[in-house]
Amino acid sequence: MGSLGRALSRGSIRCLTTAAAARESAEGSLFERLTALALTDGSAGVELNKWLEEGKSVKKWEIERFIKRLRGYKRFKHALQASSFRSNSSIPYVVSFVHIDREWMDTKDMKLSRGDYAVRIDLLAKTQGVDSAEKYFHSLSKSKRNWATYGALLNCYCMNKMTEKAESLFGKMKEDKFACTSLVYNNIMSLYLKIDQPQRVPPLVQEMKGKGLKLDIVSYNLLMNSYAAMNDVEGAEKVIEEMKEEGKAGGWSTYSNLAAIYVKAGLFEKAESTLKEVEKTEGAKSREVFQFLMSLYAGTGNAAEVYRTWDALKSAFPKTTNLSHLVMLQSLVRLGDISGARVFFDEWESKCLHYDFRLTNVMISVYLNRDMINEAESIFEGAKKKGGIPTVRTMEIFMDYHMKNSQFDSVLKFLDEAITKSYSNNWKMSVERFQPLKQYFEENGNVDGAEELYEKFKKTNSLEAAVYDSLLRTYIAAGRTEPTMRQRIEADKVEVNPEMEKLLEKVCPL
């Protein structure tokens, strides 16, 4: 976010001319209206139209700034709606994004950049699923399928651990000479770390070097993390030495990454020594660095350094953000100082201007992990009375607790609340999280319960073969058949594997 955006986020405008201040105020007013949609689940397109109907104007670059900020706040649906808004000279156009095609854009003379197409691919994947992103990518003309759009689709595959598709696309990008940046390789290396194949990262780095591609800070950090995942601390240290030789080891992120590796390995003295190096680097007085330091000092078990860093942060930034409070609260929990965490939480809650339920979630987790359900529920109810709005994550925390204790009625209650909240953030149900509930229905032959759970998976676009597998087993346990099951599976576009076919023969014989 630029300085202008930071000024807006702090609610103050400094050193601007009167005209610029007026523009900034108007822009801020529109952005505030867009961000307020989180409370109503309204449409960004509708809100932008209202703005224009009021006789106000908005330019393409302003929309792009809004999209960037909405993405930063993980408001992907509203960012996607805003990305559908473009103007041609003074004529605004607001359309449904999914209906935009190349011929329409040509007739409206919409001047979209390579970055615009790439952003849309990313937003579609986050809001409507990777399938929608793929369809949009393949609908683009050949000239628009370039390194930017290929890279965006590759990122979608890597983020969703779709290894086979990612590797296939990566190979195609190499053939078409689009695998020409460190970002492309970083995506693939990040994927291999996510799927626990760190041994595949160093060869990719060697491939980059062989092609003359310069490693950036992210590349080096991924390489360091691959050695750490292989318990090769010495290998990670050699990466730092190489970075020093290349003149790229001066940044705080590099040393904090190494410190995190030492913490994970239990080498606390080395970790603290490295954190002192972090504090000497340029930019070490930023909020982000202070927050990293608190978290990593907590990892070493050094409470004194955590509190010292917290005091330094407050001194540097008297207006302390909710995020900084969150990191400090998490650090106290990591230290095992639960009473201190509660005192800290109560102090924050009594003074906060904008309630942030992430802090409440931390305390709820603390109590539930200790089977202190009454304390957790007290925190939860108190937060709502103070105007806090529970998040989907809040519901997940309670669901996991009740699932662990086989309290399935409570699981379903919080699941319904999660689904209600899921419409604005594209939340999906995890098959693994609900395995105990599925198993319970199977063992008891509870077809009605299994069907109800199936509907919830469908409503959240979370259906996969494992859901049908459990549903079929429940029908078999109950001794029941379902003549339309094959049609349902086909309509839901779920692939029937050999094991599922055996189950189908019993539930829906041909």
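In which kind of crossing, left-handed or right-handed, does α28 pass α30?

1. The crossing is left-handed. That label applies when the near helix is turned anticlockwise from the far one by less than a right angle, and right-handed is the label if clockwise. Helices (H or I, at least four residues) are DSSP runs, numbered from the N terminus.

2. Basis of the note. This is a predicted model, in which local features need pLDDT of at least 70 and side-chain atom pairs count only at pLDDT 80 or more, while totals for chains, interfaces and linings use all residues. Residues are numbered from 1 along each chain as its sequence is written, and side-chain values use heavy atoms, with hydrogens and water left out.

3. Helices α28 and α30. Helix α28 covers residues 465-478 and helix α30 covers residues 498-507; they pack at an angle of about 35 degrees, with their axes 9 Å apart. Axes here are lines fitted to C-alpha atoms, for helices over the stretch in contact, and angles run from 0 to 180 degrees between N-to-C directions. On the α28 side, the residues that meet α30 include Tyr468, Leu472 and Ile476, and their partners in α30 include Met500, Leu503 and Val507. Contact means heavy atoms within 4.5 Å. The residues of this contact divide into 9 nonpolar, no polar and 4 charged. In this count Ala, Val, Leu, Ile, Met, Phe, Trp, Tyr, Cys and Pro are nonpolar, Asp, Glu, Lys and Arg are charged, and the others, Gly among them, are polar.

4. Glu482. This residue lies in the loop between α28 and α29 (485-491). Glu482 counts as buried, at 14% relative accessibility; buried means under 20% relative accessible area, exposed over 50%, and partly exposed in between (1.4 Å probe, protein chains only). Apart from neighbours within four places in sequence, Glu482 is in contact with Tyr475, Arg488, Val507 and Cys508.

5. Helices α10 and α12. Helix α10 (residues 147-159) packs with helix α12 (residues 182-194) at an angle of about 10 degrees, and their axes are 9 Å apart. The two are therefore roughly parallel to each other, a term for angles under 35 degrees. Gly151, Leu154, Asn155, Cys158 and Met159 in α10 meet Val184, Asn187, Ile188, Leu191 and Lys194 in α12. By class, this contact has 6 nonpolar, 3 polar and 1 charged residues.

6. Salt bridges. A search of the whole structure finds 32 salt bridges. A salt bridge is a side-chain nitrogen of Lys or Arg within 4 Å of a carboxyl oxygen of Asp or Glu. One of them joins Lys280 to Glu277, with the closest N and O atoms 3.5 Å apart. Both residues lie in helix α17 (residues 268-280), 3 residues apart, about one turn of the helix. Lys280 is exposed, with a relative accessible area of 63%, whereas Glu277 is partly exposed at 33%.

7. Arg308 and Glu305. These residues form a salt bridge, and their closest N and O atoms are 2.7 Å apart. They are separated by about one helical turn, because they are 3 residues apart in helix α19 (residues 303-316). Arg308 is partly exposed, with a relative accessible area of 34%, but Glu305 is buried at 15%. Lys276, Glu279, Glu305 and Arg308 are linked in a network of salt bridges.

8. Arg342 and Asp346. In this salt bridge the closest N and O atoms are 3.0 Å apart. The residues are 4 apart in helix α21 (residues 338-351), so about one helical turn separates them. Arg342 is partly exposed at 27% relative accessible area, and Asp346 is partly exposed at 32%.

Key. Angles under 35 degrees count as roughly parallel, over 145 as roughly antiparallel, 65 to 115 as roughly perpendicular and the rest as oblique.
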